[in-house]
Amino acid sequence: MKVNDLILQTVTTFLAFIIFIFSIYLFFAGHYTPGGGFIGGLMTSAALVLLLLAYDIKTMQKALPINFLTVAAVGLMISILTGVGAFLFDVPFLTHAFQYIELPILGKTALASTLAFDLGVYLVVVGIAMTIIQTIGESE
Amino acid sequence: MNNLVILPILIPLITATLLLLLPKRIKLQKLISVISLSFATIASIVLVHKVYTDGIQTLEIGNWRPPFGIVLVADMFASLLVLTGTIVSFMCILFAFRSIGKGRESYYYYAFTQFLLTGVMGAFLTGDIFNLFVFFEVMLMASYALIVIGGTRSQLRESLKYVLVNVISSALFVLALAYIYGLMGTLNMADISNKVAESGQSGILTVVAILFLIVFGLKGGIFPLYFWLPGSYHAPPYAITALFGALLTKVGVYAIFRTFTLIFYHEPEITHTIIAILAGITILIGAIGAIAYWDVKKILIYNIVTAVGVIIYGVALANETGYAGSIYYLVHDMVIKGALFLLGGAMFAVTGTDNIKKMGGLIKRHPLLGWMFFIAAMALAGIPPLSGFVGKVLLVQGGLEADHYVFVGVMLLSSLLVLYSVMKIFMNCFFKAEVLSEKEEQGSTKGLIYPSVILLALSAFLGLGAEFVYPYVWQAAETLMDPSIYIQAVLKE
């Protein structure tokens, strides 16, 4: 009997986007409300895992031709460099800056350089989680 | 404010990340490793010099004042270990260039060694006890990967034990941290030290102190917590065992020194007596193991256990001579264990076996290797012109000052047994009748010897140049003796 997972795949294509947007929301919410790079990254990988469940690894690799280990390494590099950036201003490692900036659509927004650090954490979490899942999934 | 302090941690971390990005470019990986380790060596030399001239260097990470933020502290003790650790791992990686093999190289061997280095340097330099835990984990994660990399049968078996033991000890570490945070309400080591001194180290704090001793003893391999060490260190190839033998147990030893000289020094009758007894037994157990085996690697591994016992005893002596002796011996031991394991690795490359009974007559075709092993053995046992002598003399002197005659006896006896164990390797493997003819040899020592030449030169320098090295060691011992120097440098009261 041929299994038909049409419902699962249709719902997934729809749901994966909602989960992804929610994870981005969590990522940006981290400074003032619960959330942040770690949980945001995990939610993003949850969306990707849902895609993996509905389709298979080969389809995933066609749709998202990314080496997730590189994603993790790039994330780590971003986090380190935000710390090293402090050297330029002659302050200790990992000193962060904070400013209110008028953005075109969002209006007055608080921008902290910790966001760049968190982006690094986010990418590391996504990269590592997906690497683990893909490696286990691929091994025979 | 001094960003110099973080460079020994930051350089390997950035290098490791770079190496993750280019897994298949092995030549480039080697080049980057060499460049970064040269920079790290220069940075740590500058750091040692700076600490020597200007006193303890601190870095308040993120510009937060010490009890609230994480602070990195480079006192002389930490910076000497950072310098030695960097040089020894440099040599281990040079050795790995020709011995570790393509398979392991393309699976992130160099990246993992740099992560290991990050963890070790961070553990030496941090001034925050939770941060110490984090750097322990960085180091342990990298060591899990290094112990299993290559995936041979014995590596898989031993890595399972190693991971299990270390996960348990890490859980105990977190428990101990929770207790100390619950009692003192702070995690900064200088601040904890202040608050413990104010409250006078009550009974519960002594219990926590012993919990810390168990945790660090598991990492450092003291009796009766050393049981995982011989098997785990035997599994990976020599380049990795040399790194482990020179760095990993030493971090546990360093942590014991830090906690018991800075924080828990108020009840020496309880804690320091326990340390003394355990250290004494550790020395004997290591020596017995070393003379019992006919396996080059096992003998060297049990010598690590002996050395850990000898160094830890310095805490129990609690006088400046004893501290200076321990620090000298610690630095010497990192260098000489690196050298011995690398020489053992070269012997393995030639013969393809660790079994002493299957070797013989190596001196004929490998005179340099043979005589270098001889010198290293002499340095390990503590024969005068070499580095092992100074540390042991200071420890004996400190032991006599503190009336610890049993320890002095045990240590001198253990030197004899250690000498016997390494001379057993030398006499049987290099002399005796030849076992392997030129054609039967498994490989050459090409490129494998010069890293140990450099380490032996360093060992000779530590011995012959004791005049030059001693002021540095003495400054480190003074800081250990008087915690207020450390506390003032950190909290700036």
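Trainee: Where is B:Asp403 found?
Mentor: This is a predicted model, so keep that in mind throughout. B:Asp403 sits in the loop between α16 (387–401) and α17 (405–430) of chain B.

Trainee: What is the phi of B:Asp403?
Mentor: Start with the general idea. Most residues other than glycine have a negative phi, and most peptide bonds are trans. B:Asp403 is not a glycine, yet its phi is positive, about 60°. B:Tyr108 is not a glycine either, and has a positive phi of about 70°.

Trainee: Where does B:Tyr108 lie?
Mentor: In the loop between α4 (102–105) and α5 of chain B.

Trainee: Why does B:Tyr108 count as buried?
Mentor: Buried means under 20% relative accessible area. B:Tyr108 counts as buried because its relative accessibility is 17%.

Trainee: Which residues does a cis peptide bond join?
Mentor: B:Phe223 and B:Pro224, with omega at about -5°. B:Pro224 lies in the loop between α9 (203–220) and α10 (229–234) of chain B.

Trainee: Now helices. How should I read one?
Mentor: An α-helix has 3.6 residues a turn, so residues three or four places apart point the same way. Take α2 of chain A, residues 37–54. Its 18 residues reach 26 Å from first C-alpha to last, close to the 26 Å expected.

Trainee: Which residues of α2(A) are buried?
Mentor: Among them are A:Gly37, A:Gly40, A:Gly41, A:Thr44, A:Ala47, A:Leu48 and A:Leu51. Their cover includes α1 (6–29), α3 (57–63), α4 (68–88) and α5 (114–138) of chain A.

Trainee: How many residues of α5(B) are buried?
Mentor: 16 of its 17, and this helix is mostly covered. α5(B) runs over residues 109–125 and reaches 24 Å, close to the 24 Å expected.

Trainee: Last topic, the interface. How many residues of chain A are in contact with chain B?
Mentor: 15 residues of chain A are in contact with 18 residues of chain B. The two chains bury about 1,400 Å² between them, 83% of it on carbon and sulfur atoms. In chain A, A:Met77, A:Pro92 and A:Phe93 lose the most area to chain B, together 36% of what that side buries.

Trainee: Which classes make up the side of chain A that touches chain B?
Mentor: 12 nonpolar, two polar and one charged residues.

Methods:
Residues are numbered from 1 along each chain as its sequence is written. Chains are lettered from A and ligands numbered from 1 in the order in which they are written. This is a predicted model: local features need pLDDT of at least 70, side-chain atom pairs count only at pLDDT 80 or more; totals for chains, interfaces and linings use all residues. Side-chain values use heavy atoms; hydrogens and water are left out. Contact means heavy atoms within 4.5 Å. Buried area is the accessible area (1.4 Å probe) that two parts lose on being put together, summed over both. Ala, Val, Leu, Ile, Met, Phe, Trp, Tyr, Cys and Pro count as nonpolar, Asp, Glu, Lys and Arg as charged, and the others, Gly among them, as polar. Helices (H or I, at least four residues) and strands (E, at least two) are DSSP runs, numbered from the N terminus. The expected span of a helix is 1.5 Å times one less than its number of residues. Buried means under 20% relative accessible area, exposed over 50%, partly exposed in between (1.4 Å probe, protein chains only).
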